[in-house]
Amino acid sequence: MLTFTFRRLIFAIPTLLFIALVIFLLLELAPGDPMANVPLTVPPEVKEQMRQALGLGEPAPIRFWKWIVQFFWIEPLNIFDHLFGTGFAEGKLRIISWQNRAPVFIVIAERIPQTLWVVGTAYVVAILIAIPVGIYSAYRQYSIFDQAGTFVTMIGFSVPPFFSGVLVIVIFAVQLRWFPSIYDTTHVVDDWDAFVFQLRQMFLPVMVLALQITSQLSRFMRASMLDNLGQDYVRTARAKGLRERSVVMIHVLRNSMIPVVTVIALGIPQVFGGAIITEQVFKVNGIGQLLITAIQANDLPMVQTLTFIFAVLIVLFNLIADVLYGILDPRIRYE
Amino acid sequence: MSDARDPRSPIGAEDEGVVAASAAVMGAEPVLLSTGARSQWLDVWDQFKTHKGALIGAAIFLAIVAVVALGPLVWDPELGIKSNIRARNEGMSLAHPFGTDQLGRDIFARMMAGGRVSLAVGLTAMFLSVVIGTLIGVLAGYFRALDGALMRFTDLFLALPLLPLLLVMVLLFREPLTAVFGVETGIFLLIVSAIGITSWMQTARIVRGEVLALKEREFVLAARSIGTPSRRVITRHVLPNVLSPIMVSATLGIATAIITESALSFLGLGFPPDFPTWGRLLNDGVPYLEQYPERVFWPGIAISLVVLSINYVGDGLRDALDPRIRGR
């Protein structure tokens with residue numbers, strides 16, 4: 001298992017380098033001077049600094065190398081310095097955003113908590129709903145509950161978040177006035193009322209995201225349960241007189257959870273990607289919205305870094321899913 | 001493409017010929033051949049008919065396509081372009097079934113124009129992604145030497161963050177392409193190719209799996225043993241037999257492509273303002289959400305209905321084309 005994990009880790013490195021190269025080349029192939037979009041108000045010395053940070057004027061391979069070094073070495077050093085108060089990274093050039101001239105990672109660090117709160121809650125809510133729904137609709141296949149569940153998941157698949165988001169805003173924020181339509185990120189939770197307000201403003205974005213995730217997960221859970229319910233060991237368990245509850249909830253459920261757990265792990269980075277739209281609809285200023293504003297402002301270093309962070313998340317969770325699968329299912333042992 | 005060995009095989013439509021050929025090749029069961037008149041597509045259609053959701057989905061999808069494609073013959077498309085300040089922000093009426101927008105343009109006409117673009121983008125992007133996916137899948141499945149490299153390549157593509165990359169691609173290549181091809185064609189080409197080259201991976205994986213299994217079958221061996229070159233084996237024996245998974249993923253691909261295009265337009269990075277697509281219309285309606293929520297509903301419902309019906313059709317097709325579920 002350890003060798004397998006190690007081997008996967010090693011394979012992750014060329015994957016990440018390839019993705020970094022794709023992102024870099026994409027921005028490289030883009031016609032025009034990347035500095036042409038920097039406003040004239042930017043003083044020349046800052047411009048020079050930005051040029052140096054980007055390594056502009058040097059050949060592409062060297063610029064690529066510099067970016068990689070900044071991303072994988074200088075920025076982690078900065079995080080280390082920040083955590084332990086050391087000074088390893090002093091004087092080293094960081095990735096500078098063109099938009100607000102601050103290091104990209106500082107801006108991202110400011111935005112990440114909002115995204116994590118909304119996306120994380122949505123994911124947990126979705127898992128909590130999807131698993132029981134999946135279990136029950138598989139157990140009572142073709143029942144009314146199952147049919148209704150299938151229809152709702154189909155809708156969850158088909159209604160894109162930019163429509164379901166707008167729809168719930170119209171219903172719950174404009175007509176009923178139960179929840180605010182815009183997420184107030186300056187809100188500080190310091191007492192009970194503030195906490196309730198936080199819950200209320202999180203409700204709509206979480207609902208939209210959770211609907212999407214629930215429909216995928218419950219579909220998967222149902223299929224996985226159905227696969228297992230027909231197995232011989234289930235008949236054996238029933239034949240030896242186990243209660244139905246322990247047959248389904250212990251024998252079948254544990255085995256059905258194996259693929260579902262990996263799907264849950266695989267889905268996390270996708271949710272970050274999908275949250276771009278939900279964040280835009282509800283004006284949550286998380287990293288998704290940061291990406292959109294950076295794209296609109298032609299802030300290439302920010303776009304490059306954020307896209308790459310999304311890629312790192314995907315590769316990381318692929319790795320986690322693979323390892324989880326090996327741990328959970330003894331039949332699958334990669335030697 | 002009709003098959004000379006089977007005199008009863010229908011000659012005419014291209015794909016019918018392909019299937020007849022494959023049925024004849026697979027026809028180790030002479031019983032099936034002697035019934036003659038029954039083509040495989042009739043079986044598929046019979047099975048498809050039993051899936052009620054798929055049937056309704058197909059009807060709704062065709063109805064929407066018909067309205068969008070034939071609508072301009074009945075309904076003046078100029079109404080959706082010319083602004084008429086005196087008739088702005090009107091509600092639903094006979095003159096304007098969906099009302100008018102803030103410039104007095106007829107929303108029904110705009111919806112039809114937007115639908116044409118959205119559906120065209122969906123179909124073309126799907127076609128592109130299916131072609132790339134099938135090509136890579138068949139090559140990887142059939143030629144063992146290419147398998148490792150191509151599948152690693154697919155894995156790498158699967159690890160790309162697609163939506164951010166799409167946004168970046170649109171941002172970077174919008175201006176040069178519009179300069180060369182003009183605004184409409186340029187952005188259409190950009191969006192179609194961007195969606196196409198970021199969505200072929202699933203098709204490639206499915207096709208590869210099918211081809212790997214098919215390659216070991218006797219009829220492929222027979223074809224190879226009489227000296228058929230690989231190119232002919234693929235086009236004549238392998239491709240017709242992987243048609244069903246390709247069709248299913250093509251159907252679902254339309255839905256994904258339409259959603260992706262709408263998402264891009266919604267984020268303001270798709271088609272330019274004043275160039276209606278469903279996503280763009282939805283985006284334009286958001287500022288008027290409080291006063292005129294219906295302006296957001298029409299495009300939203302159109303997108304959701306199309307995608308929902310396509311998903312049901314895909315579901316029904318999968319059931320109908322999979323012989324293991326076929327019948328009872």
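Start by selecting residues 116-139 of chain A: this span is 100% helix and 0% strand, and its end C-alpha atoms lie 34 Å apart. Helices here are DSSP runs of H or I with at least four residues, strands are runs of E with at least two, and both are numbered from the N terminus. The model is predicted, so local features need pLDDT of at least 70 and side-chain atom pairs count only at pLDDT 80 or more, while totals for chains, interfaces and linings use all residues. Residues are numbered from 1 along each chain as its sequence is written, and chains are lettered from A and ligands numbered from 1 in the order in which they are written.

**Chain A as a whole**

Select chain A next. It has 11 helices and 0 strands. Its C-alpha atoms fill a box of roughly 80 × 60 × 40 Å, taken along the principal axes.

An unreviewed UniProt entry lists "transmembrane region" for residues 116-139, 151-174, 194-213, 252-272 and 308-328 of chain A. UniProt positions are given in the numbering used here, feature names are shortened, and annotations may be inferred rather than shown by experiment. Go to residues 308-328 of chain A: this span is 100% helix and 0% strand, with its end C-alpha atoms 30 Å apart.

**Two domains in chain A**

Colour residues 2-84 of chain A as domain 1 and residues 107-328 as domain 2; the bounds come from an automatic or database domain assignment. The C-alpha centres of these two domains of chain A lie 31 Å apart. Between them, 15 residues of domain 1 are in contact with 14 residues of domain 2, where contact requires C-beta atoms, placed from the backbone, within 7 Å. On the domain 1 side, helix α1 (residues 2-29) of chain A gives the most, with 11 residues. That side divides into 11 nonpolar, 3 polar and 1 charged. Ala, Val, Leu, Ile, Met, Phe, Trp, Tyr, Cys and Pro count as nonpolar, Asp, Glu, Lys and Arg as charged, and the others, Gly among them, as polar.

**The side of chain A that touches chain B**

Now show both chains. Their contact takes 36 residues from chain A and 33 residues from chain B. On chain A, the elements that each supply at least two residues are α1, α5 (144-158), α6, α9 (244-282), α10 (287-296) and α11 (300-328). The largest share, 8 residues, comes from α11(A). This side of chain A holds 30 nonpolar and 6 polar residues, and no charged ones.

**One helix pair across the contact**

Select α6 (residues 161-175) of chain A and α14 (residues 294-321) of chain B. Their axes come within 10 Å and cross at roughly 140°. Axes are lines fitted to C-alpha atoms, for helices over the stretch in contact, and angles run from 0 to 180 degrees between N-to-C directions. α6(A) and α14(B) are therefore oblique to each other. Show the side chains of F163(A), V166(A) and L167(A), which meet V296(B), G300(B), I303(B) and S304(B).

**Chain B**

The unreviewed UniProt entry lists "domain: ABC transmembrane type-1" for residues 115-314 of chain B. That span is 82% helix and 0% strand, and its end C-alpha atoms lie 20 Å apart. Residues 155-173 of chain B are 84% helix, with end C-alpha atoms 25 Å apart. Residues 296-314 of chain B are 100% helix, with end C-alpha atoms 27 Å apart.

Note on methods:
Angles under 35 degrees count as roughly parallel, over 145 as roughly antiparallel, 65 to 115 as roughly perpendicular and the rest as oblique. Two residues are in contact if their C-beta atoms, placed from the backbone, lie within 7 Å.
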